[in-house]
Amino acid sequence: MKLLLIEDEKELALSIQKYLTHKDFVCEWVYKKQDAIEKISMYEYDCILLDLMLPDGNGFEILKEIKDQNKSEGIIIISAKETLETKIEGFRIGADDYLTKPFHLSELLVRIQALIRRKNFNGNNIVVFNEINIDILSKTVRVNNKLIDTTKKEIDLLLYLIGNENRVLSKSAIAEHLSGDMADMLDNHDFVYAHIKNLKKKLNEAGSRDYIKSVYGLGYKWKND
Amino acid sequence: MTKNLLHTTLSVYLLYSLLILLIAAPVLYFATQQLYLQEADDTLLLHKKEFIQYVAPTMDKEDIGAWNKFNRNRKIYPAESLQNDSIYNTTYYDTLDAELEPYRELKASVTIQDRIYTYTSKINLVESEDIIKSIGLLFFITISVLLAGLFFITKRLSLSLWKPFYKILQQIETFEIDKTQTLQFTPGRIEEFNRLRISIQKLIERNTSIYATQKEFIENAAHELQTPLAVFQAKIDSLMQRTDVTQGQSEILDSLNTAVARFNRLNKNLLLLSKMENAVYSDKITISLTNYIHKNLDFFKEQANAKNIHIKIDIEKNMGIKLNPILADILISNLFLNAIKHNIQDGEIIISAKKGNLKFSNSGQAMPLKQEHLFNRFSKVNPSEDGTGLGLSIIKKIADINHFKVSYHYTSNLHSFTITF
């Protein structure tokens, strides 16, 4: 998978690039509008991460350029602009997702994966991890081909954990992912523990191996031993 | 006790007038009486002079009887010796009116044909009393009419004179600095009021501009903080991925994580408050409060489960209110989270929505909260807790911009926040 990151904040860009460059992901980074447009017209990407405020222009102009060239890349806007108007404008021009800064890198990664899945698998949206099989459209989880009873939140959590395989996820990152819009108000992340515990139990009971590891003092990690 | 301007002016006028009337009435009475007596005395003396000059030289002893017979008010009696003139008040019985009547009498010595007589002359004072009374009455009427006129004119004049003042007053009273409205003062004829108007206008403009600058500052600050915050967050996320992190470092990382999450929440909530002040969420629709409460109930139940809190809901079906949908979500969430956050282990939350009231009651600390700064930004009941201190001020702000009322009560160990729509 090829990603293009358009972001003028160097330190942030480096962290994103490092976090995303993994397994089958390659992430290229540009910080100027002009460079971005050049790259886009020359190469094909699976997903473009777009900051709106750039030194030589506005991210919306790049977005328009991509649409004018009839490119089919998935586009996620990453911006400090959090007003509803900006978001609506972004979606109207053709962005697929909008992530407000600051965000957790783990959140960005699962958004990219979800977007690529939506783009690539037509009507057949399935995530497989060893003996675990998740059908995203019908919202069902199978372990060793046996259906297990999970809540919507647990499937969400499972996808988030698998998507961030081998990465340490803090409790607050998981809490923010699970609570969506409510995250800004939430100051207690104790409920994460209950969700992890339930999911772990259900997977184990169905015969799955124990992939969810506690990382002392930090949070959790999905690890394939 | 405060009185209004017109009232004070008029009562001072009235008091002064009454005082003058009280003093003037007896003074006038005595002065008139004195004047009348003077007049009577002059008449008596004139009569006596006339008598001595023209009558006495022509009279002889026999005429005295006839004189006394035909003169009711002037009599002549024989006397022993010469005496000085004396004038005094006395009374005589009036056979016609059958009552005692006051008289002014002159007693003087006269000489008729070398013999000494006493000459008396008197004037009835009844008429004078009548005249004094009439004058008094006239005076009273004149003064009263004058006063009434003065009162009326002052009132009318003051009302029209002070009209611009009351208009300015009314405008200032309805002015709210956080609303985007400008005061339009129309200049008038009176110089002082124009000065007042200009001063107030300047004062308001200055304050509004300071307020706007401050508001802008908070918004810009919150906005500008987002990018470094994003870097901070990303760096912590990256650091956490390193395999060489020791246990001690993990603990520090975890604290940093908590702090950055809190920082982020604070920043978002400050932005939210700023946006509300800038009337970003001003478009309203009629929403069903019931739906909004049920919509996120699962989420809140999950939060409440951590403390094993029991939630009881008693709400009317289809309670509709006019509110911006985003704000409705924020309002309900904040009320919910407030009730969960300040709750105790195994506590309870009672939500009731009826008759235009939405009430969230929760168990918690066993004493009422201090009302004073409850809804102020960053005012926390317990300064060490990791809340943002903005939840209640967000609730208050939403209520304020929609003209709802928020109140806090503490009864039977329950803390209740009530929104009245």
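Here is a tour of strands, cysteines, helix packing and a few backbone details.

This is a predicted model, so to speak of local features a pLDDT of at least 70 is needed, side-chain atom pairs count only at pLDDT 80 or more, and totals for chains, interfaces and linings use all residues. Residues are numbered from 1 along each chain as its sequence is written, chains are lettered from A and ligands numbered from 1 in the order in which they are written, and side-chain values use heavy atoms, with hydrogens and water left out.

**The sheet in chain B**

Helices (H or I, at least four residues) and strands (E, at least two) are DSSP runs, numbered from the N terminus. Two strands pair if DSSP finds at least two bridges between them. With that in hand, chain B has an open sheet of four strands in the order β1-β4-β3-β2, and the pairing is antiparallel. At the edges sit β1 (74–78) and β2 (86–94) of chain B, each pairing on one side only. On average, neighbouring strands of this sheet are turned by 35° against each other, direction ignored. Axes here are lines fitted to C-alpha atoms, for helices over the stretch in contact, and angles run from 0 to 180 degrees between N-to-C directions.

Five bridges tie β1(B) to β4 (residues 115–124) of chain B, and the two run antiparallel. One detail to look for: Pro78(B) has Tyr117(B) in β4(B) as its bridge partner. Helix α2 (residues 63–70) of chain B lies across β1, β3 (99–112) and β4 of chain B, and runs at about 145° to β1(B).

**Strand β1 of chain A and the cysteines**

Buried means under 20% relative accessible area, exposed over 50%, and partly exposed in between (1.4 Å probe, protein chains only). Four of the five residues of β1 (residues 2–6) of chain A are buried, so this strand is largely enclosed by the rest of the structure. β1(A) is joined to β2 (residues 26–30) of chain A by five bridges, running parallel, and to β3 (residues 47–50) of chain A by four bridges, also running parallel. Leu3(A) stands opposite Cys27(A) in β2(A), while Leu5(A) stands opposite Leu49(A) in β3(A).

How many disulfides does the structure hold over all chains? Zero, where a disulfide is a pair of cysteine sulfur atoms within 2.5 Å. Cys27(A) is in no disulfide, and its nearest cysteine sulfur, that of Cys47(A), is 9.2 Å away. Cys27(A) is buried, with a relative accessible area of 6%, and Cys47(A) is buried at 0%.

**Helices packing in chain A**

Two helix pairs involve α8 (residues 191–205) of chain A, one of them with α6 (residues 152–163) and one with α7(A).

| Helix pair | Angle | Axis separation |
|---|---|---|
| α6(A) and α8(A) | about 85° | 10 Å |
| α7(A) and α8(A) | about 85° | 9 Å |

Angles under 35 degrees count as roughly parallel, over 145 as roughly antiparallel, 65 to 115 as roughly perpendicular and the rest as oblique. That makes α7(A) roughly perpendicular to α8(A). The contact (heavy atoms within 4.5 Å) is made by Lys171(A), Ile174(A), Ala175(A) and Leu178(A) of α7(A) with Phe191(A), Val192(A), His195(A) and Ile196(A) of α8(A). α6(A) and α8(A) are likewise roughly perpendicular to each other.

**Buried spots in chain B**

In helix α7 (residues 297–305) of chain B, the buried residues include Leu297(B), Phe299(B) and Phe300(B). Their cover includes α6, α7 (171–179) and α8 of chain A, together with α6 (289–295), β6 (310–315) and α8 (325–341) of chain B.

Ser288(B) lies in strand β5 (residues 285–288) of chain B and counts as buried at 17% relative accessibility. Leaving aside neighbours within four places in sequence, Ser288(B) is in contact with Asn318(B), Met319(B) and Gly320(B).

**Backbone details**

Most residues other than glycine have a negative phi, and most peptide bonds are trans. The peptide bond from Lys101(A) to Pro102(A) is cis, with omega near -5°, and Pro102(A) sits in the loop between β7 (97–100) and α5 (105–120) of chain A. Asn144(A) has a positive phi, near 50°, in the loop between β10 (140–143) and β11 (146–148) of chain A. Gln113(B) also has a positive phi near 50°, and its place is the loop between β3 and β4 of chain B.
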